[in-house]
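Me: I am new to this structure and would like to learn how to read it feature by feature. Could we go through it together, with the general idea before each case?

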Amino acid sequence: MVTLASLSGSIDSSYLAARIGHYLKAESGEPVLIVQLVPAGTTLALKDWPLLRRRAEAGFVLSNHLETLPTGVEHLTMAGGQDAHEAAQMATFLNHLRRHFTYILLDLGHETAAPLLEECVLRSDLSCNLLRQDATEFYDFNRFARLIHAAPGGELAHLKPLICLANDERAQEPDETFKPLTGFRTGFIRNAPAIGADTDIGSWTNRLLDSDLRRLAREISHRQVGLALSSGGAKGFAHVGVIQVLEENGIDIDIVAGCSMGAYVGALWAYGLDGTKLDRLAHEVEGRTGMLRLIDPMLPPRRGFIAGGAIKRRLKRSLGDAHFADTVIPLRVVATQLGSLGRTVFSSGDIAAAVHASIAIPGVCVPVNIAGTDYIDGGISDPLPVDVLRELGIERIIAVNTIPPPAYLQCREEMKREQQETASKRFNLFKTLNRHLNYFAGGNILDNLISCFYGAQMRVAEESCRDADLVLRPLAWDARWHDFARPGKYIAVGRQVATEHLRDIKSLVTRKEPHHEHEPAHHPMAHAA
């Protein structure tokens, strides 16, 4: 049971409730009821419930008052209680509804009386409180939250403030204005219609509004899907291939958590670049000359060989000054604090700065300073951020792990030895010079340093894999972390692995959650009565 309560006089909560109900039924296939509580003006009132409940044991007693919407969702309009005595009737009323519907949306407009609003919120599993992006309304919500917390059985964990943005209104970054929302799982609904707007429930064409409400419906039905993208250097181009397959098969992702290269790819996708655009950006660095554009040497190389500014500038070409609140898909970026080596999960602020910190490979890149703290590659603390998604309550997690397990590396080493034994002993000047002059060449200092990092990362990543619902491993025998000159190779590997596991992905996304059996709402005895 979910309360959708408008704390603003300008938000059309009924329109939003109808759309959420539609998506909830479409996602779950379960019976959905919207109960719109109004001050007066209907044939059914809450004060009538004590008389109606006498027949409740015979079946659903409100069938004659139901309206079936074109979407198949049932709708009930009831005049709500204006005092505490009538509000107290809600307990048995809602229990009756629970017996017949899997999902119940309580649509409470701005004019709902305080006793009824409080009773509904206390009885709900989740309370979505609709606000405009306004300091006064934020404080109104905070005052309401304190009221709920003080009530017997009141819990703050199930309160979710939803900031409803008008058309083309940009979400603000958290500042002092947002202080009343601290500690709550704040969400956004973009392009939310105002009361009196010309909205036709049969023609929903707003992509951002559609995306946000579908995501909320999956949260309500415990069907959220998260995507965890691992570190891995150039091997992380495989994430692009996985994303392309997800898009081509209409598989929606509710949140992305990325580390290092996974953060880079994930940030671009979450901001709105599709798989085709990601592919085009990846191929811009194809070949040796393309990779050189990513390198800005640090002289002297006291803290790293690469400053990292070139990579950040390249990222900003696509993102500009975008903040986390601007993403189409919610995003989390993992980096590591250099001083404590503790994990930091970025969810606000400048996206490019957070990604820059997440990809700062220690020893190779100069640490990135954000607000006085030095950060290095997120792969040091959490190379596959599955637990970041679990901590957010995501129920279904797809992990893409480009970090090979020890057994895989052992097989690769044995294969390399066999190839070396059969290879020609002829002198190769290029290979000799490369081995002596290129710090990134196999067996040289930077390559050895990264290999040592992988020794720790692979075990942490394997532990994270155990907590994921589905793990995709786009691995290649000849993969190298610095092989940015061949993006197409790794994208193809990602596509192949995702395609091979497509049935498993679809099965995970469409998996039905267990529910107790409900009596049909249109019970024959109810009609007879």
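Predicted model: local features only at pLDDT ≥ 70, side-chain atom pairs only at ≥ 80, totals over all residues.

Me: Which strands does β15 pair with, and in what sense?

Reply: Strands (E, at least two residues) and helices (H or I, at least four) are DSSP runs numbered from the N terminus, and two strands pair if DSSP finds at least two bridges between them. Here β9 (residues 225–229) runs parallel to β15 and is joined to β15 by five bridges, while β16 (residues 470–472) pairs with β15 in the parallel sense over three bridges.

Me: Why is β15 described as largely enclosed?

Reply: Buried means under 20% relative accessible area, exposed means over 50%, and partly exposed lies in between, using a 1.4 Å probe and protein chains only. Strand β15 (residues 396–400) is largely enclosed by the rest of the structure because five of its five residues are buried. Both faces are covered, with Arg396, Ile398 and Val400 buried on one side and Ile397 and Ala399 buried on the other.

Me: How should I read a nonpolar core, and which residues touch the most other members of the largest one?

Reply: In soluble globular proteins, nonpolar side chains tend to be buried together. A nonpolar core is a set of buried Ala, Val, Leu, Ile, Met, Phe, Trp, Tyr and Cys residues joined through side-chain atoms within 4.5 Å. The largest core has 88 residues, of which Leu227, Phe237 and Leu472 touch the most other members, and α9 gives the most to this core, with eight residues. A second, separate core of 41 residues includes Leu117, Ala145, Ile163 and Phe178. Contact means heavy atoms within 4.5 Å, and, leaving aside neighbours within four places in sequence, the contacts of Phe237 include Met261, Ala282 and Phe484.

Me: How many cavities are there, and what lines the largest cavity?

Reply: A cavity is a set of points, on a 1 Å grid over the protein atoms alone, where a 1.4 Å probe fits but cannot get out, and lining residues have an atom within 4 Å of a point. Grid points are joined across faces, edges and corners, and a volume is the space filled by probe spheres set on the points. Five cavities of 30 Å³ or more are found in the whole structure, and the largest has a volume of about 510 Å³. Its lining has 29 residues, with Met261, Tyr264, Leu294, Ile311 and Phe484 nearest the centre; α9 (261–271), α10 (275–283) and α12 (309–319) are the elements that give two or more residues to this lining.

Terms used:
Residues numbered from 1 in each chain as written. Heavy atoms only, no water. 1 Å grid on protein atoms, 1.4 Å probe; cavity = no way out; pocket = protein on both sides within 12 Å on 5 of 7 lines; lining within 4 Å.
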